[in-house]
Structure formats: C-alpha cells, structure tokens
Amino acid sequence: MAYEAAINKAWVELSELNPDKGLSVRFLKDEYSIGLAAKKIMSLSCNIPAEDFWVVLILHYLIKKLKGLPELTGEWVTFNGLSGVDSYYPVFRKRTIEPLIRKYGSNPRGIFALLENLPSTKVDNLADAAFIVEAFDKVPVLVKLWGKDAEFDADANILFDRSVTGIFCTEDIVVLAGMVAASL
C-alpha cells in the first residue's frame, strides 16, 4: 500500500489528459496495456498485473509521453550528476551498482549473453563491458562495467541521458535504474 497515493494521483492525472483507449507502453523487455476504466496495467507477455512500483513508473512515463517527451540531449550523466540527488545516492548505489558488481565483477563481458532479451545496444571502448538499454522509448540507460584486476576492484556505473529529469523525479530514476539492474 506504500504506493497507493502515488498510483491514485497518477491515474487521476492520466485520465485528465483524456488519452485514447487502448494505450500500451513498452518497458524493458515487455509490453504493458493500460486499462483506464479498470485502472489496471497488465503485462502482455505474462497476462498478469504489473507490480505497484512498476505501475507508478509506467504511469509517470505515460503522462509525460502524452504531454510530450523532452528531446534526448546526447549528454550522459551519472546519478550524482543530476541535481538534488545527494541524499539518494546510497540507495541508488545499493539497488543498482552493488548488485551489478557482485554479479559481473569477475566477468563483465558475461553480461552480453543477457542482452538479447532486452532492447539494448553494445557500446565499445567505454569500459570492459558497456551497453545502452532502451528502458522506455526515449529513455536510454547506459550501463558500464569494469572487472576486478590486479590494481583495481570491480566497478560499475549507470548513466542517463540528461533529458531523464524532464520525465522522472529522483525517486523514479532510482526505481528505474534498479529495475534495469535487476533485469540484468
């Protein structure tokens, strides 16, 4: 029930936009149908309702999409490079960076086997392994992984196109990055 207020507010805002019926949104590797009348978001691949934290993110994205998404800037920024996020960094790191390091720190290139299932593009020469995941349409997320070696510990980072702040609030960006990391 922690998400109930945010979900209710988002459904009201969405309905005030008078969108067409039959809305759908692609998020990561799935397509979701949005039922305005029933206030339900269903995974089309699994035919199950989306979890509450997914619902909040999908609704917030859809509202911005219907109003007009900002243009991509082409400028990649770290989470710390976004304004007003200082107090959220420990949560961001715990939900995103640390799981990636634990999973792929000894073999960063092993992650490439999973990318077939995601809307992603491999990027060369940025890290031991780097790729862009198209989380939503016009919401790219750049993931970089470095393996442990004799001099350095394993590391990872997740970057965003600067335009992400015109779509999501800080809390949503943390959830988005966490969901990207969990899908890997």
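Biologist: Where is Lys40 found?

Modeller: In this predicted model, Lys40 belongs to strand 3, residues 40-43.

Biologist: Is Lys40 buried, exposed or partly exposed?

Modeller: The idea is to compare the relative accessible area with two cut-offs: under 20% is buried, over 50% is exposed, and partly exposed is in between. Lys40 has 43% relative accessibility, so Lys40 counts as partly exposed.

Biologist: Which residues is Lys40 in contact with, leaving aside its neighbours within four places in sequence?

Modeller: Those residues are Trp11, Ser33, Ile34 and Gly35. Lys40 and Val55 are 15 residues apart in sequence, and their C-alpha atoms are 8.4 Å apart.

Biologist: What is the phi of Lys39?

Modeller: Lys39 has a phi near 50°, a positive value in a residue other than glycine. Lys39 sits in the loop between strand 2 (30-35) and strand 3. With 48% relative accessibility, Lys39 counts as partly exposed.

Biologist: What is the phi of Lys138, and where is Lys138 found?

Modeller: The phi of Lys138 is near 65°, again in a residue other than glycine. Lys138 is in the loop between strand 6 and strand 7 (139-146). Its relative accessible area is 30%, so Lys138 is partly exposed.

Biologist: Strand 6 also holds Ala135. Is Ala135 buried or exposed?

Modeller: Ala135 lies in strand 6, residues 129-136. Ala135 is counted as buried because its relative accessibility is 0%. Ala135 and Phe27 are 108 residues apart in sequence, yet 5.6 Å apart in space, C-alpha to C-alpha. Setting aside neighbours within four places in sequence, Ala135 is in contact with Arg26, Phe27, Leu28, Val141, Leu176 and Val180.

Biologist: Which residues of helix 2 are buried?

Modeller: In general, an α-helix has 3.6 residues a turn, so residues three or four places apart point the same way. In helix 2, the buried residues are Trp54, Val55, Val56, Leu57, Ile58, Leu59, Tyr61, Leu62 and Ile63. Just after helix 2 comes Gly68, with a positive phi of about 120°.

Biologist: How do helix 2 and helix 4 pack?

Modeller: Two packed helices are described by the angle between their axes and the distance between the axes. For helix 2 and helix 4 (residues 170-182), the angle is about 115° and the axes are 10 Å apart. Their crossing is left-handed. Helix 2 makes the contact through Phe53, Trp54, Val56, Leu57 and His60, and helix 4 through Asp172, Val175, Leu176 and Met179. By type, the residues of this contact are seven nonpolar, one polar and one charged.

Biologist: Which backbone oxygen lies 2.5 Å from a polar atom of the side chain of Thr96?

Modeller: The backbone oxygen of Phe92 does. Thr96 is in helix 3, residues 89-104. Thr96 counts as buried because its relative accessibility is 0%. Apart from neighbours within four places in sequence, Thr96 is in contact with Ile158, Val174, Ala177, Gly178 and Ala181.

Key:
Residues are numbered from 1 along each chain as its sequence is written. This is a predicted model: local features need pLDDT of at least 70, side-chain atom pairs count only at pLDDT 80 or more; totals for chains, interfaces and linings use all residues. Side-chain values use heavy atoms; hydrogens and water are left out. Buried means under 20% relative accessible area, exposed over 50%, partly exposed in between (1.4 Å probe, protein chains only). Helices (H or I, at least four residues) and strands (E, at least two) are DSSP runs, numbered from the N terminus. A polar contact is a pair of N or O atoms within 3.5 Å; within protein, one must be able to donate a hydrogen and the other to accept it, and residues adjacent in sequence count only if both atoms are side-chain atoms. Contact means heavy atoms within 4.5 Å. Axes are lines fitted to C-alpha atoms, for helices over the stretch in contact, and angles run from 0 to 180 degrees between N-to-C directions. A crossing is left-handed if the near helix is turned anticlockwise from the far one by less than a right angle, and right-handed if clockwise. Ala, Val, Leu, Ile, Met, Phe, Trp, Tyr, Cys and Pro count as nonpolar, Asp, Glu, Lys and Arg as charged, and the others, Gly among them, as polar.
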